[in-house]
Each structure stands twice: as structure tokens, then as C-alpha cells.
Amino acid sequence: MLIIYISIIVILPILAQCIRTLIETNVKPEGFVTVIPGVFSLTYSENRGVAFGLFQDGTVFFAITTSVVIILFSILLFKNYKKSKLFSVAAALIIGGGLGNLFERIVLGYVVDYLSLSFFPPICNFADYCITAGTVCLIVYLLFFSDFMKNDKKKEKLDEQA
């Protein structure tokens, strides 16, 4: 099973860079392309910050932070991939998305964002959505499947009985 998670980690940043290249070639000259009027467009944006464009011009700090998160989740994945498929998929999505954005930060000095939804104002990119999907999977895992929450519930029951 580990090969599947490694494949996700390798494929996602490659796919993110292929999409970025297509966006730079086809969308950047125009600035935006409407895909579904009033709902979805491709909008070229250079993000020198983090999510939602916050904390502009922190490229070195964000590259280091992203690297630490990638290393942490890599260690957790390799230690726990046999225990939970959901956790492993979450970790692979977070690592792969993080690598996609890290590559752009190091090479370009910014991240290219392009996915614009009318009902979600920040412009994001494929790697951001991979990280978001991984985070949602991680939250579901922690809330419903991990020993972490089960131990807290056991502790609450013991506290109630005391």
C-alpha cells in the first residue's frame, strides 16, 4: 500500500506544475478565462503570501514552514501507513500539495493561483485544494477513527463516573 501513497506524493506536484504551465501559457496573457459564467473562472494571480493572500512576501519563512510540515507528515505516514488508509491518504494529499506549492515558492518566489469560485472569494490552485482535501480527511480521521479522540472520550466517561 505504501507505493500508492508515494505515487500520490509524486504525481500531485507534477500535476500541479503541469497545470501551472498551462495557466501561465493560456490564462496569464488574458488575466482570466470564464469557465462557468457567474460561478467559476480561471484567474491568473501571483501569491507571495499564504492562504487567502495573507502575510505577503514571506517566501523564505513559508518555504521553511512548508518543509517542516512535509517532513513531519512524511515521518507520520511512514510510521503509520499500515494502521489507517484514511490517515495515509490525508498525509499523502497534504505532502503532495505542499510539495507543489513549495516548488513554486523556491523556483518562482511565489505561488501561482488560478481557481476562482464566485462563492469562495480567494483564488487558489490545485495544490491548495489537495492540501485542503487532505486536511478534511485528517480532521475526519481524528474525530471519528483515531485513538486520539477515543482516549478523550474514555477520559470524559471516567471523569463523569468519578
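Reply: The accessible surface of the protein comes to about 9,800 Å², and 71% of that surface belongs to carbon and sulfur atoms; these areas come from the Shrake-Rupley method with a 1.4 Å probe, and for residues only the protein chains shown count as cover. The model is predicted, so local features need pLDDT of at least 70 and side-chain atom pairs count only at pLDDT 80 or more, while totals for chains, interfaces and linings use all residues. Residues are numbered from 1 along each chain as its sequence is written, and side-chain values use heavy atoms, with hydrogens and water left out.

Of the 162 residues, 36% count as buried (buried is under 20% relative accessible area, exposed over 50%, partly exposed in between, with a 1.4 Å probe and protein chains only). The protein has five helices and four strands, in the order α-β-β-α-α-β-β-α-α from the N terminus; helices (H or I, at least four residues) and strands (E, at least two) are DSSP runs, numbered from the N terminus.

The largest nonpolar core has 16 residues. Such a core is a set of buried Ala, Val, Leu, Ile, Met, Phe, Trp, Tyr and Cys residues joined through side-chain atoms within 4.5 Å. I9, F73, L77, F87, A91, I95 and L138 have the most contacts inside this core. Two or more residues each come from α1 (2-26), α2 (59-80), α3 (85-108) and α4 (126-144), and α3 gives the largest share, seven residues. Leaving aside residues up to four places away in sequence, L138 touches F73, F87, A90 and I94 (a contact means heavy atoms within 4.5 Å). Another core, of eight residues, lies apart from the largest one and includes I23, V27, L42 and L115.

The structure holds two aromatic pairs. Rings of Phe, Tyr and Trp (its six-membered ring) pair if their centres lie within 6.5 Å; planes under 30 degrees apart count as stacked, over 60 as edge-to-face and the rest as tilted. The ring centres of F61 and F62 are 5.4 Å apart and the planes stand at 70 degrees, so this pair is edge-to-face. F61 counts as exposed because its relative accessibility is 55%, whereas F62, at 9%, counts as buried. F87 and Y141 form a tilted pair, with 5.5 Å centre to centre and 50 degrees between the planes. This pair links distant parts of the chain, F87 in helix α3 and Y141 in helix α4, 54 residues apart. F87 is buried at 7% relative accessible area, and Y141 is buried at 16%.
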